[in-house]
Amino acid sequence: MSAPASIDADLLVHSAQVCTVPPSAAVDPEPSAIRPAGPQRGSQLGDLGIIADGAVAIRDGRIVALGTAGDLRARVSAAAEINAAGKVVTPGLVDPHTHLPWVGDRADEFEMRVAGASYMEIMAAGGGIMSTVRAVRDASTDELVEANLPRLDRLMAHGTTTLEMKTGYGLTTADELKQLEAIHRLDQTHPMDVAATFLGAHAVPAEYQGRTDAYVDLVVEEMLPAAAQWSQRKQRPLFCDVFCEAGVFDVDQSRRILVQARELGFQLKIHADEFEGLGGTALACELGAVSADHLVTTPEEDIAALGRCQTVAVSLPGTPFGLGHTGRAYTPARSIMAAGGALALATDLNPGTCWCESMQFVIALATRYLHLTPAQALAAATLNAACAIGRGDSAGTLAAGRPADLLILNIPDYRHLGYRFGTNLVETVIKAGQVVVGPG
Ligand SMILES: [Zn+2]
(Lines give C-alpha, C1' and ligand atoms only; values in the text may rest on other atoms or scores of the structure.)
Protein backbone atom coordinates (compact mmCIF):
# COMPACT_ATOMS: atom_id res chain seq x y z
CA MET A 1 0.00 0.00 0.00
CA SER A 2 1.46 3.34 -1.00
CA ALA A 3 1.40 6.41 1.22
CA PRO A 4 -1.25 9.05 0.34
CA ALA A 5 0.02 11.58 -2.16
CA SER A 6 1.69 14.51 -0.47
CA ILE A 7 0.90 18.11 -1.39
CA ASP A 8 3.53 20.84 -1.47
CA ALA A 9 2.37 24.20 -0.17
CA ASP A 10 3.77 27.62 0.67
CA LEU A 11 1.44 28.03 3.62
CA LEU A 12 -0.89 25.84 5.67
CA VAL A 13 -3.48 27.53 7.88
CA HIS A 14 -4.91 24.91 10.22
CA SER A 15 -7.07 24.03 13.22
CA ALA A 16 -9.65 26.82 12.59
CA GLN A 17 -13.40 26.79 12.06
CA VAL A 18 -13.23 27.19 8.27
CA CYS A 19 -16.23 28.77 6.50
CA THR A 20 -15.94 27.93 2.79
CA VAL A 21 -19.22 29.64 1.66
CA PRO A 22 -19.88 27.36 -1.33
CA PRO A 23 -21.71 28.47 -4.49
CA SER A 24 -25.32 27.44 -4.53
CA ALA A 25 -25.02 24.41 -6.80
CA ALA A 26 -24.79 22.50 -3.54
CA VAL A 27 -24.78 18.99 -4.99
CA ASP A 28 -21.13 18.50 -5.77
CA PRO A 29 -20.14 15.07 -7.10
CA GLU A 30 -16.46 15.85 -6.95
CA PRO A 31 -15.43 17.88 -3.89
CA SER A 32 -12.10 18.94 -5.35
CA ALA A 33 -13.63 20.38 -8.52
CA ILE A 34 -14.23 24.09 -8.96
CA ARG A 35 -17.97 24.49 -8.59
CA PRO A 36 -20.01 26.57 -11.00
CA ALA A 37 -20.18 30.09 -9.66
CA GLY A 38 -23.57 31.27 -8.54
CA PRO A 39 -25.00 33.23 -5.63
CA GLN A 40 -26.90 31.60 -2.80
CA ARG A 41 -30.48 32.53 -3.68
CA GLY A 42 -33.54 32.87 -1.46
CA SER A 43 -33.63 30.46 1.46
CA GLN A 44 -30.29 28.93 0.38
CA LEU A 45 -28.57 32.03 1.74
CA GLY A 46 -26.41 31.20 4.74
CA ASP A 47 -24.78 27.92 3.64
CA LEU A 48 -21.29 28.41 5.06
CA GLY A 49 -19.89 24.96 4.23
CA ILE A 50 -18.17 24.80 7.61
CA ILE A 51 -15.21 22.51 8.27
CA ALA A 52 -15.15 22.39 12.08
CA ASP A 53 -11.44 21.68 12.63
CA GLY A 54 -10.34 22.76 9.20
CA ALA A 55 -7.27 23.66 7.20
CA VAL A 56 -6.41 25.52 3.99
CA ALA A 57 -3.24 24.82 1.97
CA ILE A 58 -1.95 27.58 -0.33
CA ARG A 59 0.58 27.48 -3.16
CA ASP A 60 1.48 30.16 -5.73
CA GLY A 61 -1.34 32.41 -4.55
CA ARG A 62 -4.06 29.79 -4.88
CA ILE A 63 -5.79 27.32 -2.62
CA VAL A 64 -4.47 23.84 -3.38
CA ALA A 65 -6.34 21.86 -0.72
CA LEU A 66 -9.09 22.29 1.85
CA GLY A 67 -10.04 19.75 4.47
CA THR A 68 -9.80 18.75 8.08
CA ALA A 69 -6.71 19.79 9.99
CA GLY A 70 -5.88 16.14 10.70
CA ASP A 71 -6.00 15.17 7.03
CA LEU A 72 -4.11 18.16 5.65
CA ARG A 73 -1.43 18.19 8.36
CA ALA A 74 -0.68 14.58 7.42
CA ARG A 75 -0.67 15.17 3.66
CA VAL A 76 0.64 18.71 3.18
CA SER A 77 4.30 19.61 3.23
CA ALA A 78 4.21 23.38 3.85
CA ALA A 79 7.03 25.92 3.96
CA ALA A 80 5.12 27.84 6.67
CA GLU A 81 2.20 27.10 8.95
CA ILE A 82 -0.26 29.21 10.91
CA ASN A 83 -1.95 27.49 13.84
CA ALA A 84 -5.37 29.17 13.94
CA ALA A 85 -6.81 27.07 16.77
CA GLY A 86 -9.73 28.78 18.45
CA LYS A 87 -10.18 31.13 15.48
CA VAL A 88 -12.33 31.39 12.36
CA VAL A 89 -11.24 31.38 8.71
CA THR A 90 -13.52 32.94 6.08
CA PRO A 91 -13.16 34.10 2.49
CA GLY A 92 -11.92 37.68 2.18
CA LEU A 93 -14.89 40.05 2.40
CA VAL A 94 -16.13 41.57 -0.87
CA ASP A 95 -17.51 45.13 -1.00
CA PRO A 96 -19.49 45.45 -4.26
CA HIS A 97 -20.54 49.12 -3.92
CA THR A 98 -18.25 51.99 -2.94
CA HIS A 99 -17.83 55.55 -4.20
CA LEU A 100 -14.04 55.53 -3.97
CA PRO A 101 -12.05 57.43 -5.15
CA TRP A 102 -12.69 60.95 -3.82
CA VAL A 103 -10.75 63.73 -2.12
CA GLY A 104 -11.75 65.94 0.80
CA ASP A 105 -14.47 65.38 3.36
CA ARG A 106 -17.87 66.72 4.37
CA ALA A 107 -17.50 66.89 8.15
CA ASP A 108 -19.07 70.40 8.14
CA GLU A 109 -22.14 69.01 6.43
CA PHE A 110 -22.35 66.10 8.87
CA GLU A 111 -22.22 68.49 11.81
CA MET A 112 -24.98 70.64 10.27
CA ARG A 113 -27.14 67.61 9.55
CA VAL A 114 -26.96 66.13 13.04
CA ALA A 115 -27.75 69.60 14.41
CA GLY A 116 -30.97 69.51 12.37
CA ALA A 117 -30.16 71.44 9.18
CA SER A 118 -32.32 70.64 6.17
CA TYR A 119 -31.02 69.34 2.84
CA MET A 120 -31.66 72.79 1.31
CA GLU A 121 -29.77 74.56 4.11
CA ILE A 122 -26.82 72.21 3.59
CA MET A 123 -26.87 72.87 -0.19
CA ALA A 124 -27.06 76.64 0.42
CA ALA A 125 -23.96 76.38 2.63
CA GLY A 126 -22.05 74.76 -0.25
CA GLY A 127 -22.46 71.19 1.00
CA GLY A 128 -23.90 68.14 -0.72
CA ILE A 129 -22.50 66.09 -3.56
CA MET A 130 -21.35 69.14 -5.57
CA SER A 131 -18.79 69.99 -2.88
CA THR A 132 -17.13 66.60 -3.48
CA VAL A 133 -17.48 67.12 -7.26
CA ARG A 134 -15.65 70.46 -6.99
CA ALA A 135 -12.87 68.86 -4.92
CA VAL A 136 -12.43 65.96 -7.37
CA ARG A 137 -12.45 68.31 -10.39
CA ASP A 138 -9.67 70.33 -8.73
CA ALA A 139 -7.56 67.24 -7.90
CA SER A 140 -4.96 65.66 -10.17
CA THR A 141 -4.92 61.93 -10.87
CA ASP A 142 -1.89 61.65 -8.55
CA GLU A 143 -3.77 63.42 -5.76
CA LEU A 144 -6.76 61.09 -6.22
CA VAL A 145 -4.50 58.05 -6.00
CA GLU A 146 -2.57 59.34 -2.96
CA ALA A 147 -5.72 60.25 -1.04
CA ASN A 148 -7.30 56.85 -1.57
CA LEU A 149 -4.43 54.43 -0.95
CA PRO A 150 -4.73 54.76 2.87
CA ARG A 151 -8.46 54.04 2.58
CA LEU A 152 -7.67 50.80 0.75
CA ASP A 153 -5.21 49.93 3.54
CA ARG A 154 -7.93 50.43 6.16
CA LEU A 155 -10.52 48.50 4.16
CA MET A 156 -8.10 45.61 3.82
CA ALA A 157 -7.19 45.72 7.53
CA HIS A 158 -10.92 45.27 8.19
CA GLY A 159 -11.09 42.22 5.93
CA THR A 160 -12.08 43.50 2.47
CA THR A 161 -9.96 41.88 -0.24
CA THR A 162 -12.03 42.75 -3.34
CA LEU A 163 -14.13 45.85 -3.95
CA GLU A 164 -15.88 47.94 -6.54
CA MET A 165 -15.10 51.63 -7.15
CA LYS A 166 -17.11 54.17 -9.13
CA THR A 167 -16.63 57.40 -10.95
CA GLY A 168 -19.38 59.98 -10.47
CA TYR A 169 -17.60 62.87 -8.78
CA GLY A 170 -16.24 64.25 -12.05
CA LEU A 171 -19.43 64.77 -14.07
CA THR A 172 -17.49 66.08 -17.07
CA THR A 173 -15.98 63.74 -19.65
CA ALA A 174 -12.41 64.65 -18.69
CA ASP A 175 -13.01 64.42 -14.95
CA GLU A 176 -14.85 61.09 -15.23
CA LEU A 177 -11.93 59.69 -17.25
CA LYS A 178 -9.56 61.05 -14.60
CA GLN A 179 -11.44 59.10 -11.95
CA LEU A 180 -11.30 55.95 -14.11
CA GLU A 181 -7.55 56.42 -14.46
CA ALA A 182 -7.21 56.78 -10.67
CA ILE A 183 -9.24 53.59 -10.14
CA HIS A 184 -7.01 51.75 -12.59
CA ARG A 185 -3.84 52.96 -10.87
CA LEU A 186 -5.15 52.15 -7.39
CA ASP A 187 -5.88 48.61 -8.57
CA GLN A 188 -2.38 48.27 -10.02
CA THR A 189 -0.67 49.80 -6.97
CA HIS A 190 -2.53 48.09 -4.13
CA PRO A 191 -3.03 44.36 -3.42
CA MET A 192 -6.81 44.98 -3.34
CA ASP A 193 -8.69 43.62 -6.38
CA VAL A 194 -10.84 46.35 -7.89
CA ALA A 195 -13.88 46.23 -10.17
CA ALA A 196 -14.47 49.55 -11.95
CA THR A 197 -17.78 51.28 -12.67
CA PHE A 198 -18.57 54.34 -14.76
CA LEU A 199 -21.22 56.45 -12.95
CA GLY A 200 -21.33 59.62 -15.02
CA ALA A 201 -25.05 59.71 -14.21
CA HIS A 202 -24.49 60.02 -10.46
CA ALA A 203 -26.02 63.48 -10.21
CA VAL A 204 -27.01 66.38 -12.44
CA PRO A 205 -24.09 68.82 -12.07
CA ALA A 206 -24.78 72.41 -11.06
CA GLU A 207 -24.10 73.74 -14.58
CA TYR A 208 -26.92 71.48 -15.93
CA GLN A 209 -29.44 72.30 -13.19
CA GLY A 210 -32.94 72.17 -14.67
CA ARG A 211 -31.58 70.62 -17.90
CA THR A 212 -31.38 66.97 -16.95
CA ASP A 213 -32.14 65.74 -20.47
CA ALA A 214 -29.26 67.81 -21.85
CA TYR A 215 -26.96 66.19 -19.30
CA VAL A 216 -28.26 62.73 -20.29
CA ASP A 217 -27.41 63.67 -23.90
CA LEU A 218 -23.85 64.41 -22.78
CA VAL A 219 -23.59 61.08 -20.93
CA VAL A 220 -24.97 59.08 -23.85
CA GLU A 221 -23.29 60.89 -26.74
CA GLU A 222 -19.91 61.79 -25.28
CA MET A 223 -19.09 60.24 -21.89
CA LEU A 224 -20.12 56.64 -22.56
CA PRO A 225 -18.23 56.36 -25.88
CA ALA A 226 -15.15 57.93 -24.22
CA ALA A 227 -15.36 55.52 -21.27
CA ALA A 228 -15.83 52.58 -23.67
CA GLN A 229 -12.70 53.63 -25.60
CA TRP A 230 -10.76 53.93 -22.34
CA SER A 231 -11.99 50.47 -21.34
CA GLN A 232 -10.73 48.96 -24.59
CA ARG A 233 -7.41 50.77 -24.43
CA LYS A 234 -6.78 49.58 -20.86
CA GLN A 235 -8.22 46.10 -21.46
CA ARG A 236 -10.35 46.77 -18.42
CA PRO A 237 -14.07 45.84 -18.42
CA LEU A 238 -16.40 48.45 -16.94
CA PHE A 239 -19.81 48.45 -15.37
CA CYS A 240 -22.15 51.34 -16.09
CA ASP A 241 -24.32 52.54 -13.20
CA VAL A 242 -27.08 55.18 -12.96
CA PHE A 243 -28.58 56.96 -9.94
CA CYS A 244 -32.26 56.30 -10.68
CA GLU A 245 -34.12 58.40 -8.12
CA ALA A 246 -36.79 61.07 -7.87
CA GLY A 247 -35.22 64.43 -8.71
CA VAL A 248 -32.13 62.83 -10.24
CA PHE A 249 -32.58 60.45 -13.23
CA ASP A 250 -36.03 58.97 -13.88
CA VAL A 251 -36.64 55.49 -15.29
CA ASP A 252 -36.75 56.65 -18.93
CA GLN A 253 -33.51 58.61 -18.60
CA SER A 254 -31.89 55.67 -16.78
CA ARG A 255 -33.04 53.26 -19.50
CA ARG A 256 -31.62 55.48 -22.20
CA ILE A 257 -28.20 55.52 -20.52
CA LEU A 258 -28.13 51.81 -19.66
CA VAL A 259 -29.31 50.64 -23.09
CA GLN A 260 -26.58 52.70 -24.77
CA ALA A 261 -24.03 51.37 -22.26
CA ARG A 262 -25.03 47.78 -22.94
CA GLU A 263 -24.59 48.35 -26.69
CA LEU A 264 -21.09 49.64 -25.99
CA GLY A 265 -20.20 46.50 -24.04
CA PHE A 266 -20.67 47.62 -20.44
CA GLN A 267 -22.26 45.37 -17.84
CA LEU A 268 -24.98 47.16 -15.93
CA LYS A 269 -25.73 48.30 -12.40
CA ILE A 270 -28.30 50.71 -10.98
CA HIS A 271 -28.94 52.73 -7.82
CA ALA A 272 -32.64 52.08 -7.27
CA ASP A 273 -35.36 52.60 -4.68
CA GLU A 274 -33.26 54.43 -2.09
CA PHE A 275 -35.92 57.05 -1.36
CA GLU A 276 -38.71 56.41 -3.90
CA GLY A 277 -39.65 53.20 -5.67
CA LEU A 278 -39.66 54.46 -9.28
CA GLY A 279 -39.22 51.13 -11.06
CA GLY A 280 -35.43 51.02 -11.23
CA THR A 281 -35.29 47.45 -9.95
CA ALA A 282 -37.71 46.24 -12.63
CA LEU A 283 -35.55 48.07 -15.19
CA ALA A 284 -32.47 46.25 -13.87
CA CYS A 285 -34.18 42.88 -14.33
CA GLU A 286 -35.47 43.87 -17.78
CA LEU A 287 -32.00 44.86 -18.98
CA GLY A 288 -30.13 41.96 -17.34
CA ALA A 289 -28.19 44.17 -14.93
CA VAL A 290 -25.63 42.41 -12.75
CA SER A 291 -26.93 44.22 -9.66
CA ALA A 292 -29.56 46.64 -8.36
CA ASP A 293 -28.40 48.52 -5.29
CA HIS A 294 -30.06 50.21 -2.25
CA LEU A 295 -33.59 48.71 -2.58
CA VAL A 296 -35.31 50.30 0.40
CA THR A 297 -38.65 51.37 -1.12
CA THR A 298 -38.83 48.60 -3.73
CA PRO A 299 -42.44 47.88 -4.82
CA GLU A 300 -43.83 44.38 -4.17
CA GLU A 301 -43.91 43.47 -7.86
CA ASP A 302 -40.25 44.45 -8.26
CA ILE A 303 -39.28 42.30 -5.27
CA ALA A 304 -41.06 39.40 -6.99
CA ALA A 305 -39.13 40.17 -10.21
CA LEU A 306 -35.82 39.78 -8.32
CA GLY A 307 -36.75 36.15 -7.70
CA ARG A 308 -37.07 35.52 -11.44
CA CYS A 309 -34.01 37.33 -12.79
CA GLN A 310 -30.24 37.05 -12.35
CA THR A 311 -29.82 40.58 -10.97
CA VAL A 312 -28.27 40.53 -7.48
CA ALA A 313 -30.00 42.76 -4.88
CA VAL A 314 -27.31 44.75 -3.07
CA SER A 315 -28.34 46.21 0.28
CA LEU A 316 -26.41 49.13 1.78
CA PRO A 317 -27.53 49.34 5.42
CA GLY A 318 -24.68 51.70 6.33
CA THR A 319 -26.45 54.48 4.41
CA PRO A 320 -29.73 54.74 6.38
CA PHE A 321 -27.62 54.28 9.51
CA GLY A 322 -25.27 57.04 8.35
CA LEU A 323 -28.23 59.34 7.71
CA GLY A 324 -29.76 58.47 11.08
CA HIS A 325 -32.92 57.23 9.34
CA THR A 326 -35.30 55.02 11.27
CA GLY A 327 -38.52 53.19 10.54
CA ARG A 328 -38.73 51.47 7.13
CA ALA A 329 -35.33 52.80 6.12
CA TYR A 330 -33.69 49.44 5.43
CA THR A 331 -33.88 46.91 2.61
CA PRO A 332 -36.76 44.41 3.03
CA ALA A 333 -34.20 41.63 2.88
CA ARG A 334 -36.42 38.84 4.14
CA SER A 335 -39.04 39.63 1.48
CA ILE A 336 -36.35 39.53 -1.21
CA MET A 337 -35.16 36.16 0.11
CA ALA A 338 -38.74 34.85 0.31
CA ALA A 339 -39.15 35.79 -3.37
CA GLY A 340 -36.04 33.75 -4.22
CA GLY A 341 -33.78 36.74 -4.88
CA ALA A 342 -30.00 36.79 -4.42
CA LEU A 343 -29.06 39.24 -1.67
CA ALA A 344 -25.65 40.86 -1.17
CA LEU A 345 -24.24 43.48 1.20
CA ALA A 346 -21.96 46.47 0.57
CA THR A 347 -20.79 49.59 2.39
CA ASP A 348 -21.77 52.37 -0.08
CA LEU A 349 -18.57 54.01 1.23
CA ASN A 350 -18.84 57.72 0.35
CA PRO A 351 -18.06 61.07 2.00
CA GLY A 352 -21.66 62.33 2.16
CA THR A 353 -23.93 59.71 3.68
CA CYS A 354 -21.80 56.73 4.70
CA TRP A 355 -18.10 56.90 5.43
CA CYS A 356 -17.86 53.27 6.52
CA GLU A 357 -14.73 51.29 5.65
CA SER A 358 -15.76 48.09 7.45
CA MET A 359 -17.85 45.28 5.98
CA GLN A 360 -17.84 43.84 9.52
CA PHE A 361 -19.94 46.82 10.61
CA VAL A 362 -22.26 46.31 7.63
CA ILE A 363 -22.73 42.70 8.76
CA ALA A 364 -23.60 43.96 12.26
CA LEU A 365 -26.23 46.32 10.79
CA ALA A 366 -27.61 43.61 8.51
CA THR A 367 -28.22 41.23 11.40
CA ARG A 368 -30.21 43.84 13.29
CA TYR A 369 -32.03 45.87 10.60
CA LEU A 370 -32.28 43.36 7.73
CA HIS A 371 -32.90 40.52 10.20
CA LEU A 372 -30.26 38.28 8.64
CA THR A 373 -28.59 35.57 10.69
CA PRO A 374 -24.80 35.88 11.00
CA ALA A 375 -24.46 33.03 8.47
CA GLN A 376 -26.74 34.78 5.96
CA ALA A 377 -24.94 38.09 6.43
CA LEU A 378 -21.52 36.45 5.95
CA ALA A 379 -22.62 34.71 2.72
CA ALA A 380 -24.13 38.03 1.52
CA ALA A 381 -20.80 39.78 2.22
CA THR A 382 -18.63 37.19 0.46
CA LEU A 383 -19.99 34.89 -2.27
CA ASN A 384 -23.09 36.92 -3.13
CA ALA A 385 -21.16 40.19 -2.98
CA ALA A 386 -18.64 38.74 -5.45
CA CYS A 387 -21.51 37.74 -7.75
CA ALA A 388 -22.79 41.35 -7.58
CA ILE A 389 -19.60 42.46 -9.39
CA GLY A 390 -19.37 39.50 -11.74
CA ARG A 391 -16.57 37.87 -9.74
CA GLY A 392 -18.39 34.84 -8.40
CA ASP A 393 -15.83 32.62 -10.10
CA SER A 394 -12.80 34.16 -8.37
CA ALA A 395 -13.78 35.74 -5.05
CA GLY A 396 -16.04 35.14 -2.06
CA THR A 397 -15.58 31.37 -1.74
CA LEU A 398 -12.83 29.11 -0.42
CA ALA A 399 -12.25 26.24 -2.85
CA ALA A 400 -9.32 24.40 -4.38
CA GLY A 401 -8.11 26.21 -7.50
CA ARG A 402 -9.37 29.62 -6.43
CA PRO A 403 -7.26 32.62 -5.43
CA ALA A 404 -6.19 32.36 -1.78
CA ASP A 405 -8.02 35.42 -0.38
CA LEU A 406 -8.89 34.61 3.22
CA LEU A 407 -9.19 36.01 6.70
CA ILE A 408 -8.27 34.68 10.12
CA LEU A 409 -10.67 36.21 12.65
CA ASN A 410 -9.80 36.23 16.33
CA ILE A 411 -13.19 34.82 17.34
CA PRO A 412 -14.06 31.26 18.41
CA ASP A 413 -17.17 30.95 16.23
CA TYR A 414 -18.40 32.72 13.06
CA ARG A 415 -21.51 33.91 14.93
CA HIS A 416 -19.36 36.49 16.70
CA LEU A 417 -19.42 38.33 13.34
CA GLY A 418 -22.35 40.72 13.63
CA TYR A 419 -22.81 39.91 17.29
CA ARG A 420 -19.74 41.99 18.19
CA PHE A 421 -19.26 45.40 16.58
CA GLY A 422 -17.10 48.50 16.92
CA THR A 423 -13.79 46.61 17.10
CA ASN A 424 -11.89 44.90 14.32
CA LEU A 425 -12.21 41.12 14.63
CA VAL A 426 -9.81 40.44 11.72
CA GLU A 427 -6.38 39.29 12.87
CA THR A 428 -4.76 38.20 9.60
CA VAL A 429 -5.56 38.98 5.95
CA ILE A 430 -4.14 36.70 3.27
CA LYS A 431 -4.46 38.17 -0.23
CA ALA A 432 -3.49 36.02 -3.23
CA GLY A 433 -1.55 33.78 -0.84
CA GLN A 434 0.43 36.61 0.80
CA VAL A 435 -0.05 37.72 4.41
CA VAL A 436 -0.84 41.43 3.86
CA VAL A 437 -2.18 42.15 7.36
CA GLY A 438 -0.88 40.22 10.35
CA PRO A 439 -1.33 40.15 14.12
CA GLY A 440 0.06 43.40 15.52
ZN1 LIG B 1 -23.98 54.45 -4.17
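**Entry 1**

I began with the right-handed β-α-β unit made by β9, helix α8 (residues 251–263) and β10. I call a crossover right-handed if, with the strands pointing away from the viewer, the path from the first strand over the helix to the second runs clockwise. Helices (H or I, at least four residues) and strands (E, at least two) are DSSP runs, numbered from the N terminus.

The model is predicted, so I note the limits: local features need pLDDT of at least 70, side-chain atom pairs count only at pLDDT 80 or more, and totals for chains, interfaces and linings use all residues. Residues are numbered from 1 along each chain as its sequence is written, and side-chain values use heavy atoms, with hydrogens and water left out.

I looked up the pairing next; two strands pair if DSSP finds at least two bridges between them. Strand β9 (residues 238–242) runs parallel to β10, joined by 2 bridges, and C240 has L268 in β10 as its bridge partner. On β10 I also found a parallel pairing with strand β11 (residues 291–294), over 4 bridges. There K269 is bridged to S291 of β11.

Is strand β10 mostly covered or uncovered? I find 5 of the 6 residues of β10 (residues 267–272) buried (under 20% relative accessible area; exposed is over 50%, partly exposed in between; 1.4 Å probe, protein chains only). The charged end of K269 sits over the ring of F239, 5.0 Å from the ring centre. My criterion is NZ of Lys or CZ of Arg within 6 Å of the ring centre and within 35 degrees of the ring normal.

**Entry 2: aromatic rings**

I list 6 aromatic pairs in the structure. Rings of Phe, Tyr and Trp (its six-membered ring) pair if their centres lie within 6.5 Å; planes under 30 degrees apart count as stacked, over 60 as edge-to-face and the rest as tilted. W102 and W355 are edge-to-face, at 4.9 Å centre to centre and 85° between the planes. They link distant parts of the chain, 253 residues apart. W102 is buried at 0% relative accessible area, while W355 is partly exposed at 40%.

I then took Y330 and Y369: their centres are 4.5 Å apart and their planes at 10°, so the pair is stacked. Y330 is in the loop between α11 (318–322) and α12 (333–338) and Y369 in helix α13, so the pair ties together parts 39 residues apart in sequence.

I also noted the charged end of R151 over the ring of W102, 4.3 Å from its centre.
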